[in-house]
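Please examine the model shown below together with its sequence.

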Amino acid sequence: MLRITVLTHGDCNFRCLYCYEKFENIAMSQDTMDNIVKFTEQKILEGNYKKLRASWFGGEPLLGYKVIVYLSSKFQELAAKYNLDYVSDITTNGYLLDKRKLTCLVEVCKCVFFQITIDGNLESHDKQRVLKNGKGSFERIYANLLKAKETLLKFDIVLRFNVSKENYKNVKDFMINERVPFKNDKRFSMLYRNVGDWGQGDRKEGYEIERLSKEITFQFSEEALSLGYQLIDPFWSVNNQFSCYAQNPNHFAFNVRGKIMACTVLLYDTRNIFGDVNIGILNQEKKTKVLDSNL
């Protein structure tokens, strides 16, 4: 499988306290989009792939909604041309995911996997996941999720809980109360992850769960299963066994300026950048070193 990750916009409408990113209010240019399409087609020609997968990331990717719509169309054309299966996914805060956008993403863009973060109940979520203007975001995200549930669209939405030392007591409250409307809908599942310190961005100093409590996300996963909720993958979530996409030799990520990267977390580490799609440079030797290292 050839996997393409696109950071569709340089900014975000949130300023989450634990975020590792720095933001610039810049959109992806038409030239960069077209060069990503050309790069993707070249990689298809060089490989022996059966599937093409696009992942939409940011910033907040829905700020680059037009980029998603345009590239989705081009990627689907490539998939049809070379007889590949096509699918896409998105990591979004969900604030802009109204019914119209959701329908277009699922039915037109073939984006059927969504990861949306809800950090506990309204009180705890709005302390951690604040809008750019400092206001809370829970009610609108929750309303968008309820509207998604009312549709007959075929999608998978993962509700991700970023657990910090300031919200872990409130995450369980969501499991018992607000999560109930989604309990019997197999399109919704849960994922618990500790807030880590990636040493980047403009985050509030010390905003991560203490190492003493690092197993709490596993405890939440086990409790969710016992209550009849779905996890994204019970074995993976409880045992924390997974491989990183950055170690996949057939994965390429592009930032909003067209820089080619392996990892979407280490955005500001020059070792993570091994090419530029706009000037036709790909340093395969540097990419190989990235794959063989632990950045």
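The text that follows moves from the whole chain to single residues.

**Basis and overall picture**

The structure is a predicted model, in which local features need pLDDT of at least 70, side-chain atom pairs count only at pLDDT 80 or more, and totals for chains, interfaces and linings use all residues. Residues are numbered from 1 along each chain as its sequence is written, and side-chain values use heavy atoms, with hydrogens and water left out.

The average pLDDT (the predictor's confidence in each residue, from 0 to 100) of the protein is 85, and 83% of the residues score at least 70. Over residues 234–243 pLDDT stays under 50. For this segment the model has 21 contacts beyond four places in sequence, a contact being heavy atoms within 4.5 Å. Where pLDDT is low, the predicted coordinates should not be read in detail.

The protein has 9 helices and 10 strands; these are DSSP runs (helices H or I, at least four residues; strands E, at least two), numbered from the N terminus. Of its 295 residues, 52% are buried. Here buried means under 20% relative accessible area, exposed over 50%, and partly exposed in between (1.4 Å probe, protein chains only). Among contacts with a separation of 6 or more, 71% join residues 24 or more positions apart. The accessible surface comes to about 14,300 Å², and carbon and sulfur atoms contribute 50% of that area; accessible areas come from the Shrake-Rupley method with a 1.4 Å probe, and for residues only the protein chains shown count as cover.

**Aromatic pairs and charges over rings**

Rings of Phe, Tyr and Trp (its six-membered ring) pair if their centres lie within 6.5 Å; planes under 30 degrees apart count as stacked, over 60 as edge-to-face and the rest as tilted. By this rule there are 13 aromatic pairs. One of them joins Y142 and F182 edge-to-face, at 6.0 Å centre to centre and with 90 degrees between the planes. Y142 belongs to helix α5 (residues 138–150) and F182 to the loop between α6 (168–176) and β6 (188–194), so the pair ties together parts that are 40 residues apart in sequence. Y142 is buried at 15% relative accessibility, and F182 is buried at 0%.

The ring centres of F161 and Y192 are 5.0 Å apart with planes at 20 degrees, so this pair is stacked. F161 in strand β5 (residues 156–163) and Y192 in strand β6 are 31 residues apart, and the pair links distant parts of the chain. F161 is buried at 0% relative accessibility, and Y192 is buried with a relative accessible area of 1%. Y142, F161, F182 and Y192 are among the members of one aromatic cluster, which also includes F114 and F220.

A charge sits over a ring if NZ of Lys or CZ of Arg is within 6 Å of the ring centre and within 35 degrees of the ring normal. Two such arrangements are listed here.

| Charged residue | Ring | Distance to ring centre |
|---|---|---|
| R140 | Y95 | 4.2 Å |
| K183 | Y229 | 5.0 Å |

In α6, the residues N170, V171, F174 and M175 are buried. They lie on the same side of α6, because they cover an arc of only 160 degrees around the axis, the arc being that of the directions from the helix axis to the C-beta atoms. The elements covering these buried residues include α4 (122–128), α5, β5, β6 and α7 (216–226). N170 has a relative accessibility of 17% and touches G120, N121, E123 and S124, not counting residues up to four places away in sequence.

I116 is in strand β4 (residues 111–117) and is buried at 1% relative accessibility. Its C-alpha atom is 7.1 Å from that of I157, although I116 and I157 are 41 residues apart along the chain. Beyond four places in sequence, the contacts of I116 include T92, I141, L145 and I157.

**Backbone features in loops**

The peptide bond from G58 to G59 is cis, with omega near 20 degrees, and G59 lies in the loop between β2 (51–57) and α2 (65–81). N83, which is not a glycine, has a positive phi of about 55 degrees. N83 is in the loop between α2 and β3 (85–92) and is exposed at 70% relative accessibility. K110 also has a positive phi, near 60 degrees. K110 lies in the loop between α3 (99–107) and β4 and is partly exposed, with a relative accessible area of 37%.
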